[in-house]
Amino acid sequence: MKIYTAKIDTASALKVVADDMILTTACPTAAGSKMLDGYMSLFESEALTRLKNAGFELCGKTDVGEFAIDLLGETSYNGACTDGEKILNPTAEAVKANEAAIALTLDVNGSVRRAAAQNDLVSIKPTYGTVSRYGTIPVACSGETVSLLASSAGVLKEALDIIAGHDDKDGTSLSEELCASLKKDAPTSPVKRVAYFANMFEGVSECIAQKANAFCEILKKNGIEVVEVEESVIAASRVAWNILMSAELCNNVSRYDGVKYGYRTQNFTNLDELYTNTRTEAFGELLKTAILFGSETLSTDNYFKVYDKALRTRRIIVEAFAKIFESFDAVLMPACSKTEYTTQDIEANKYLAFEENLYTAPASITGLPAVVTGGVQLVGKAFSEKALLDAAEIYEKESK
Amino acid sequence: MRYETVIGLEVHVELATKSKIFCSCSAHSYGSEPNEHVCPACCGMPGMLPVVNKRVVDYGMKAGLMLNCDINRTTTFDKKSYYYPDLPAAYQTTQWFAPVAVNGLVEIETSKGKKNIRIKQIHMEEDAGKLVHDIMEDTTHVDFNRTSVPLIEIVSQPDLSSAEEVEAYLDRLKNLLRYAKVAECEMAHGTMRCDVNLSVRPEGSDKLGVRTEMKNMNSIEAIKRAIDYETARHIDAIENGTEVLVQETRRWDDIKGKSYAMRTKETAGDYRYFPDPNVMPVIIDDDWYEGIKATLPEFPEVKRAKYINEYGLSEYDADRIAQSIALCECFEDACAVSKSAKDAANWMISDVMKTLNNKQMTYDMLTLNGKKLGELILLVTGNKVSRANGKKILVAMFDDETVNPEQYAEENDLILSDNTDLVKKVVGEVIASDPKSVADYKSGKEKALMALFGKCMKELKGNCDPQTLRNILTEEVNKA
């Protein structure tokens with residue numbers, strides 16, 4: 001059990017902690033995997049560089065689950081971080097302990113959003129393409145986003161102002177013009193109407209439902225309209241995302257083959273054995289499942305039956321959100337089904353992360369921005385980060 | 001029974017861009033140390049993202065247009081997954097779903113006449129690295145210099161039917177792509193490689209036979225031998241049942257002159273293609289498309305016809321110049337300045353091309369400024385510089401691109417001055433020193449005058465307009 005994979009002494013008052021999906025030249029980046037144990041990158045994440053240029057100092061790296069596809073980090077090769085029963089998210093622990101003003105993370109499968117919801121923290125997953133992914137461990141490139149975690153929305157606004165913007169080193173990076181709306185001084189059109197996704201709340205715990213109600217009350221009190229909406233298409237995000245994420249993951253982690261860097265098996269006599277034994281020995285169970293699933297979905301037999309369908313589903317979901325945003329500024333939905341996960345939960349269901357992402361997959365698959373605050377999640381229109389964070393600040397003020 | 005061979009080619013051509021397809025490393029590593037031109041991106045290290053080199057798309061479009069293809073205005077990149085140590089990211093970025101160019105046509109000419117070969121598609125992709133086997137140490141090293149060097153793969157329809165046609169087709173591709181300056185296409189350098197798909201069927205049949213593929217052929221002669229061998233093997237199998245033909249990939253051993261089935265393990269595999277989410281679709285708008293179209297050269301046969309019909313060159317001369325776009329450009333510029341196509345062609349063929357041959361340079365390597373060549377021609381035709389000294393100036397122009405012919409002639413004392421007095425003096429001396437030749441000439445031996453002429457020219461170190469010398473000499477001899 002480990003919160004930090006590395007700590008760096010710094011006297012600076014402005015500290016940033018990065019999770020172990022963010023590459024840095026200051027210490028190794030292992031992505032929670034034995035495969036990359038001790039891996040030193042030759043270059044640094046663009047988002048981290050921008051924060052450093054703005055005066056932040058890196059004070060350490062926090063552990064992640066293997067390639068960040070699990071619930072909270074429990075599949076790290078260092079072992080799960082727990083208090084005995086409850087699974088803890090290392091990055092959230094560092095922020096709660098005030099060790100850094102902000103945490104820089106890679107949101108692959110929603111673990112940072114679940115961590116924010118379960119620890120009364122605030123997180124922002126910006127619009128896809130507004131923050132460079134240069135220097136992050138690639139897993140599910142079509143949807144993963146550099147994200148931020150902090151104890152208040154105000155800090156996130158400051159940090160987002162620094163890291164958002166075009167980057168020539170990332171071919172999916174949007175133009176400076178489009179990224180400009182994330183900047184501090186850009187004009188904002190406030191959140192006035194929120195769609196409450198009633199069916200998404202059906203399977204959540206009483207406690208999450210209460211948090212959502214409290215959140216709605218505060219919004220209403222502040223003149224924001226909250227309307228209950230029945231929406232049935234968006235829940236398909238989960239299955240589609242699991243297909244896309246696993247397929248891309250399978251391809252992206254293929255490079256870890258024992259030839260160039262990272263773990264290499266001692267036990268081989270030919271190339272096939274080098275590949276097979278390296279990967280068998282260094283990868284964990286959840287990752288192996290995702291690799292096999294992803295590989296299967298991309299096979300010639302299944303591509304059009306499975307993968308292509310998932311791509312089409314993605315487009316239908318994007319359209320469903322667009323329809324909703326014709327009359328609403330944001331959508332309120334859970335970030336997770338319960339306020340904590342225990343080690344027993346995982347034992348009972350190894351693939352819980354691929355079920356709990358029912359709540360995080362919609363923003364991942366569409367690239368829409370998502371803010372988690374007050375234990376719930378607001379998903380907004382593209383480039384509406386500031387309006388979402390303004391709403392989070394209203395909540396913060398009123399709930400104190 | 002008579003049989004016909006059905007051949008389709010997949011030709012890989014390395015594009016001559018300065019940098020690699022997704023990073024800024026040099027794409028040219030000929031003669032470099034292993035792993036000299038590599039970076040974390042082309043080594044497949046996690047966290048680097050591909051950024052498309054626009055020049056590669058330019059060249060891909062040019063190649064497509066030269067081969068009469070339709071250009072896909074939205075062209076996308078896909079990942080092709082397989083494991084091999086020379087493929088650092090364990091996937092190759094290529095174009096599977098929407099290649100840059102489709103539905104082309106290439107005309108070839110063989111002893112049997114002209115024929116059109118259809119092009120199915122041209123797609124852009126990245127090359128893989130190279131494994132270097134060290135027999136002494138019994139180890140294998142990997143060199144990533146070639147990783148991510150841009151390639152196009154030109155896929156033909158199965159329209160070829162003989163080794164002769166294949167050779168004509170490859171020559172034509174090479175010629176057209178060199179004309180567009182997008183590729184070197186030199187099999188010996190590995191900048192052109194070829195996969196041959198071949199089957200045999202009874203003549204006139206419309207059913208295709210069992211197809212075999214020979215990969216990575218890298219010399220025309222080997223390809224021709226392999227086609228002949230495979231054709232004979234197929235016919236033998238069909239007629240005599242010597243073996244059962246199966247669809248497979250075969251390796252051509254050019255030394256043994258035989259093809260061998262590769263182990264299925266080397267060829268089987270599902271490449272699991274899917275769109276690369278890190279490379280946005282490339283959208284070719286009208287400005288881009290028209291801009292590229294405007295840079296395309298005339299086709300070789302258009303140049304040839306123009307040289308014969310408009311410039312008045314002989315077919316032989318037109319053929320010689322039209323074989324390389326660099327020669328064409330130099331020639332046309334020289335014509336524009338000198339206003340004499342005949343003189344320009346003469347200089348091109350007897351001086352420029354000869355010099356390239358002597359320097360063991362290909363015609364495409366010509367960098368001589370055609371306008372300056374035109375100026376040089378004007379100096380000679382205007383009797384300012386002798387032909388012989390003109391050649392000297394050309395050599396200087398080859399060695400140093402900044403040389404200006406007129407300035408060089410002045411600085412090196414190569415200008416024919418109006419030196420009638422000097423000429424008369426020299427002529428007088430020569431006549432006095434060779435009374436025999438003078439007498440011979442006077443007794444009717446015309447050749448004797450040439451001997452005197454040569455002696456005078458030698459004394460004058462070539463620095464005299466030949467016609468002027470001839471006039472003065474004739475006059476003086478007759479007086480003597």
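On a 1 Å grid over the protein atoms alone, a cavity is a set of points where a 1.4 Å probe fits but cannot get out, while a pocket is an open set with protein on both sides within 12 Å along at least five of seven lines; lining residues have an atom within 4 Å of a point. Grid points are joined across faces, edges and corners, and a volume is the space filled by probe spheres set on the points. The structure examined here is a predicted model, in which local features need pLDDT of at least 70 and side-chain atom pairs count only at pLDDT 80 or more, whereas totals for chains, interfaces and linings use all residues. Residues are numbered from 1 along each chain as its sequence is written, chains are lettered from A and ligands numbered from 1 in the order in which they are written, and side-chain values use heavy atoms, with hydrogens and water left out.

Searching the whole structure gives 3 cavities of 30 Å³ or more. The largest cavity holds about 290 Å³ of space. It is lined by 25 residues, and B:Ala41, B:Gly44, B:Ala89, B:Tyr91 and B:Glu126 are the closest to its centre. In the classes used here, Ala, Val, Leu, Ile, Met, Phe, Trp, Tyr, Cys and Pro count as nonpolar, Asp, Glu, Lys and Arg as charged, and the others, Gly among them, as polar. The lining of the largest cavity then divides into 14 nonpolar, 6 polar and 5 charged residues.

The second largest cavity contains about 100 Å³ of space. Its lining is made of 14 residues, with A:Asp19, A:Val64, A:Asn89, A:Thr91 and A:Ser111 the closest to the centre. By class, these are 5 nonpolar, 6 polar and 3 charged residues. Helices (H or I, at least four residues) and strands (E, at least two) are DSSP runs, numbered from the N terminus. In chain A, strand S4 (102-107) and helix H3 each supply at least two residues of this lining.

Helix H3 of chain A deserves a look of its own. A residue is called buried at under 20% relative accessible area, exposed at over 50%, and partly exposed in between (1.4 Å probe, protein chains only). Because 8 of the 8 residues of H3(A) are buried, this helix is largely enclosed by the rest of the structure. Among them are A:Ser111, A:Arg113, A:Arg114 and A:Gln118. A:Ala117 also belongs to this helix, which spans residues 111-118, and has a relative accessibility of 2%. Its C-alpha atom is separated by 22 Å from that of A:Val227, a residue 110 positions away along the chain. After the helix comes A:Asp120, with a positive phi near 55°.

Attention now turns to an open space. The second largest pocket has a volume of about 730 Å³. Of its 29 lining residues, A:Tyr128, A:Ser142, A:Arg314, B:Pro277 and B:Met280 lie nearest the centre. Helix H10 (303-324) and helix H13 (361-366) of chain A, along with strand S15 (274-275) of chain B, each give at least two residues to this lining. H10(A) provides the largest share, 7 residues. The lining of this pocket includes 18 nonpolar, 6 polar and 5 charged residues.

Rings of Phe, Tyr and Trp (its six-membered ring) pair if their centres lie within 6.5 Å, and planes under 30 degrees apart count as stacked, over 60 as edge-to-face and the rest as tilted. Over all chains, 21 aromatic pairs are found. One of them is the stacked pair of A:Tyr303 and B:Phe97, with 5.4 Å from centre to centre and 25° between the planes. This pair crosses between chains, joining helix H10 of chain A to the loop between strand S5 (91-94) and strand S6 (101-110) of chain B. A:Tyr303 is buried at 6% relative accessibility, whereas B:Phe97 is partly exposed at 36%. The rings of B:Tyr82 and B:Tyr271 are edge-to-face, because their planes stand at 70°, with centres 5.8 Å apart. As B:Tyr82 and B:Tyr271 lie in two loops of chain B, this pair ties together parts that are 189 residues apart in sequence. In chain A, ring pairs link A:Tyr39, A:Phe67, A:Tyr256, A:Tyr261 and A:Phe283 into a cluster.
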